[in-house]
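This report is meant for someone meeting the structure for the first time.

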Amino acid sequence: MGKKLVIVESPAKAKTIGKMLGSTYVVKSSVGHVRDLPEKVLGVDVKKDFEPKYVLSKGKTKIVSELKKAVKSCDAIYLAPDPDREGEAIAWHLYEILKPAGKEKPFYRIQYNQITASAVKAAIENPGEINMNRVDAQQARRILDRLVGYKVSPMLWRRIKRGLSAGRVQSVALRLVAEREREILGFKIEEYWVMGATMRRQSEPLDPFTTKLSRIGGESPDIKSEAAAEALLEDLEGSQLKVDDVATKEVTRRALPPFITSTLQQSASSLFGFSPQRTMGVAQKLYEGVDTGDGSPTGLITYMRTDSVNISKEARDEARAYIEQRFGGDFIPEKPNFFKSRTSAQEAHEAIRPTDVSRTPESLKGVLGAQELKLYDLIWRRFLASQMSAAKIARKTAMVVPERAGQRLDYLFTATASEITFEGFLKVMALDIRKKKDDAKEDSEEGAESDEVDTLPPLTAGDMLDLVEWLSERKETKPPARFSEASLIRALEANGVGRPSTYASIIETLNNRNYTTREKRQLTPTELGLEVNDLLVLKLPELFDVGFTANMEEQLDSIEDGKVNWTAMMREFYTSFEEWMEKAKEPPADQEKVDAMMAMLEKVTVWGAEVQRGKRKYSDQKFVKSIADQIKKAEKGISDRQLEALVKIAVRYKDQIPGAEPELTRMGFAEFVESDNAALSYEKTMQRFDMIDKLMLSESQGKFFESLKQQVASGRKLSKKQVIAVDRMLVQYSAKIKGFEELRESLELTVTDSGLPQDNESPVLMEMLGQVQTWSEPVTRGKMTFDDKAFYSSLNEQFLAKDSLTPRQRYALKRMIFRYKAQITDFDGYVEKLGLNKKSKS
């Protein structure tokens with residue numbers, strides 16, 4: 001009997017499954033997708049019903065060759081990528097590529113929700129076929145994304161800068177972040193006053209407790225000025241405090257559903273500071289298999305890309321049995337807990353749960369790394385809690401009224417304390433049992449203060465209380481918070497944008513493209529991000545509308561369900577898309593002005609040299625010729641942006657064009673002439689360049705300086721920003737420039753000195769670390785590598801060039817010296833000179 005071939009997409013997964021299945025199976029990995037659309041061309045034939053032109057993915061030639069050999073040597077092939085759209089597409093691409101090598105051999109599609117021996121063997125015993133509806137949904141998504149990215153991104157290149165990208169879903173996520181930022185910037189802060197009182201019983205126990213003013217004349221307090229607050233306090237002065245009522249109600253808190261992708265990412269971000277990308281990477285390891293110590297690797301959690309809160313009956317029964325055995329019968333509900341997924345969720349999938357609930361986090365200490373154990377513990381507790389009884393909480397509220405003859409208004413002060421009467425699911429998963437945020441207004445609204453206290457003393461209606469003090473605190477309304485990665489995922493999910501497999505990559509793309517930055521767990525749009533968003537929303541508001549994008553996600557779901565034909569959906573989309581792109585086009589420039597500019601430029605006889613910037617070359621002469629060719633072909637008009645480029649070239653060569661300045665001014669281009677006249681002269685530019693030529697620049701500064709020299713050599717003046725960058729360089733290296741102070745006035749610098757204090761610490765720090773002979777090995781944390789030796793060498797090079805370091809750099813070196821204390825002669829003397837604590841470690 002011949003061997004059987006199982007193909008998965010991950011090497012780690014292949015290793016785990018290979019050990020489970022034994023020697024009669026060959027388990028190989030495709031290492032992700034093997035085919036995709038080509039990188040440098042559209043790769044979609046729109047006229048042939050959006051027919052994709054797939055090519056082998058980069059670096060996959062050898063892998064595909066090995067898979068073909070394996071197919072030829074085995075009797076049956078089982079395609080076993082992940083149970084989602086991407087996995088189905090990988091299986092189909094593998095089938096299309098490997099089918100010729102397999103000839104008449106059978107190909108099967110197998111799926112499993114968890115990588116355990118029983119689940120994998122059951123899948124092999126019950127193989128199925130490739131789900132073409134799911135493949136079509138993936139193809140439609142891929143082609144949609146390619147069309148939008150390929151056709152919209154060039155608009156960003158023309159209007160902002162080359163290399164930028166627009167994405168069908170990514171740009172909508174950016175829109176949410178940008179609009180929140182605009183909302184924050186436009187928020188009008190209003191002041192309000194929160195009133196309360198600290199009081200206590202007139203007999204033991206005398207512990208004071210705090211109440212909040214909850215009602216004035218039966219209405220919520222609305223105190224908008226200090227005068228109103230003072231008037232209120234005046235009205236309360238001299239009042240007797242009496243307990244009007246003590247109300248107790250039992251509150252039931254039900255467990256949250258088990259994790260889906262989005263809620264796992266949100267919780268891991270809130271609790272551990274994990275980025276969505278890190279959470280999915282750690283979850284992938286737990287899913288793909290870990291050797292728990294018996295030599296047999298097994299998956300610890302179910303598939304982690306899911307939007308379903310469904311749980312298999314077997315898993316539910318195992319959880320209930322475990323809960324009863326460990327905590328007792330009171331902790332399992334009479335009927336199992338069921339949770340409802342959102343409408344678009346794939347109910348055939350399961351929520352994220354442990355594959356074996358009896359495998360406790362405690363049993364995996366020493367087996368899992370710190371991050372893996374944290375995430376497993378979170379998943380295990382959330383799943384177990386989801387199958388446990390509800391918690392019972394007694395919520396006691398004391399209502400106190402002040403009474404005084406002649407009092408203008410009726411007031412009610414309240415204080416609420418919560419006490420757990422039955423733990424239920426809280427036994428395994430701690431939650432804040434106080435009033436939920438939903439029970440009160442948000443903090444950004446006035447009067448949104450909770451009356452929650454830790455404990456209340458014994459109180460009975462009619463009890464008289466002593467006043468400790470009246471409380472009055474000025475507060476301000478708060479703007480909405482910036483999105484965190486967790487809250488952005490929540491917003492995307494709530495709006496129906498994106499799916500479990502895409503949330504992490506959407507956020508990572510925004511950060512990698514420099515459209516957003518992470519600051520204290522918050523996502524802040526960069527200037528570039530705001531500029532990109534503003535242009536996209538201005539030019540293509542319908543395409544990057546949240547509602548439209550959500551509708552497209554629903555269409556993709558319908559394709560997967562077999563309700564919609566993918567090419568019909570694409571045709572409908574593309575009809576609208578073409579109309580939107582046509583509307584987004586810039587109107588052609590004034591042809592009379594274009595003709596006048598071309599006539600002026602025909603008089604130029606000496607052109608500047610071609611300039612190399614990075615991988616691109618710029619030539620004024622070639623650009624003008626390309627415009628002439630475009631006019632001659634008459635296929636499309638000259639844009640305003642192209643006309644502006646011609647004007648700038650004409651200004652640059654105005655000395656060769658008789659009457660250029662008055663003619664350009666007559667045509668409405670006076671600002672370009674004035675800007676050029678105000679620009680730094682050639683003489684002053686060369687004076688700066690002569691100074692910088694003698695300096696020892698860093699590699700990046702050297703490249704930048706060389707590009708500026710080429711630019712000026714081609715006849716192009718420095719822009720305002722470039723002049724500032726050059727002047728900053730001169731100030732930065734002023735200590736190395738002979739006679740700089742005497743030349744400063746004649747240079748007419750555009751920047752001032754940095755104003756930093758004199759650096760007396762850097763020479764001492766460099767001298768200390770210069771004694772170190774043995775450096776610690778580099779340490780990698782996440783994507784960052786920390787290398788003391790390389791860091792010191794870099795700063796030493798900078799110090800030699802500038803004679804100073806920044807305060808932040810000096811602070812980092814001060815921390816470092818304590819790690820190499822044993823290698824530094826007279827360490828205590830140096831430390832004293834630096835004014836540091838000798839026992840300090842930082």
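## Overall make-up

The secondary structure of the chain comes to 29 helices and 22 strands, where helices (H or I, at least four residues) and strands (E, at least two) are DSSP runs, numbered from the N terminus. This is a predicted model, in which local features need pLDDT of at least 70 and side-chain atom pairs count only at pLDDT 80 or more, while totals for chains, interfaces and linings use all residues. Residues are numbered from 1 along each chain as its sequence is written, and side-chain values use heavy atoms, with hydrogens and water left out.

Taken along the principal axes, the C-alpha atoms of the chain fill a box of roughly 100 × 90 × 70 Å. Of the 842 residues in the chain, 47% are buried, a term that stands for under 20% relative accessible area, with exposed meaning over 50% and partly exposed in between (1.4 Å probe, protein chains only). Among contacts between residues at least 6 apart in sequence, 73% join residues at least 24 apart, contact being defined as heavy atoms within 4.5 Å.

## The barrel

Six strands form a closed barrel in the order E9-E10-E15-E14-E11-E16, with antiparallel pairing; two strands are said to pair if DSSP finds at least two bridges between them. From one strand to the next, the twist averages 40 degrees, where axes are lines fitted to C-alpha atoms, for helices over the stretch in contact, and angles run from 0 to 180 degrees between N-to-C directions.

Strand E9 is mostly covered, since nine of its 11 residues are buried.

| Strands | Sense | Bridges | Facing residues |
|---|---|---|---|
| E9 and E16 | antiparallel | 11 bridges | Met199 and Leu467 |
| E9 and E10 | antiparallel | four bridges | Thr198 and Thr210 |

Helix H7 (residues 226-236) lies across strands E9, E10, E14, E15 and E16, and runs at about 25 degrees to E9. In the loop between E9 and E10 one finds Pro205, and the peptide bond that leads from Glu204 to Pro205 is cis, with omega near -5 degrees.

## Two nonpolar cores

The largest nonpolar core has 61 residues, of which Val6, Tyr112, Ile301, Leu375 and Leu384 touch the most other members. Helix H11 (residues 370-386) gives the most to this core, with nine residues. A nonpolar core is here a set of buried Ala, Val, Leu, Ile, Met, Phe, Trp, Tyr and Cys residues joined through side-chain atoms within 4.5 Å. When its neighbours within four places in sequence are left aside, Val6 is in contact with Leu21, Tyr25, Val26, Val27, Lys28, Tyr78, Ala80 and Ile124. A second, separate core of 58 residues includes Leu492, Met569, Met570 and Met581.

Helix H14 (residues 527-539) has 13 residues and reaches 18 Å from its first C-alpha to its last, close to the 18 Å expected at 1.5 Å a residue; the expected span is 1.5 Å times one less than the number of residues. Its buried residues are Leu528, Gly529, Leu530, Val532, Asn533, Leu535 and Leu536, and they pack against helix H5 (132-159), helix H6 (170-185) and strand E18 (522-525).

Helix H23 (residues 699-713) has 15 residues that should span 21 Å, and its end C-alpha atoms are 21 Å apart, which agrees. Buried in H23 are Gln701, Phe705, Ser707, Leu708, Gln711 and Val712. These residues cover an arc of only 160 degrees around the axis, which puts them on the same side of H23, the arc being that of the directions from the helix axis to the C-beta atoms. The face turned away from this buried side carries the exposed residues Glu699, Lys703 and Ala713. H23 is followed by Gly715, whose phi is positive, near 95 degrees.

Asn514 has a positive phi of about 65 degrees although it is not a glycine, and its place is in the loop between helix H13 (503-512) and strand E17 (516-519). With 41% relative accessibility, Asn514 counts as partly exposed. Ala634, likewise a residue other than glycine, has a positive phi near 60 degrees and is found in the loop between helix H18 (620-633) and helix H19 (640-652). Because its relative accessibility is 61%, Ala634 counts as exposed.
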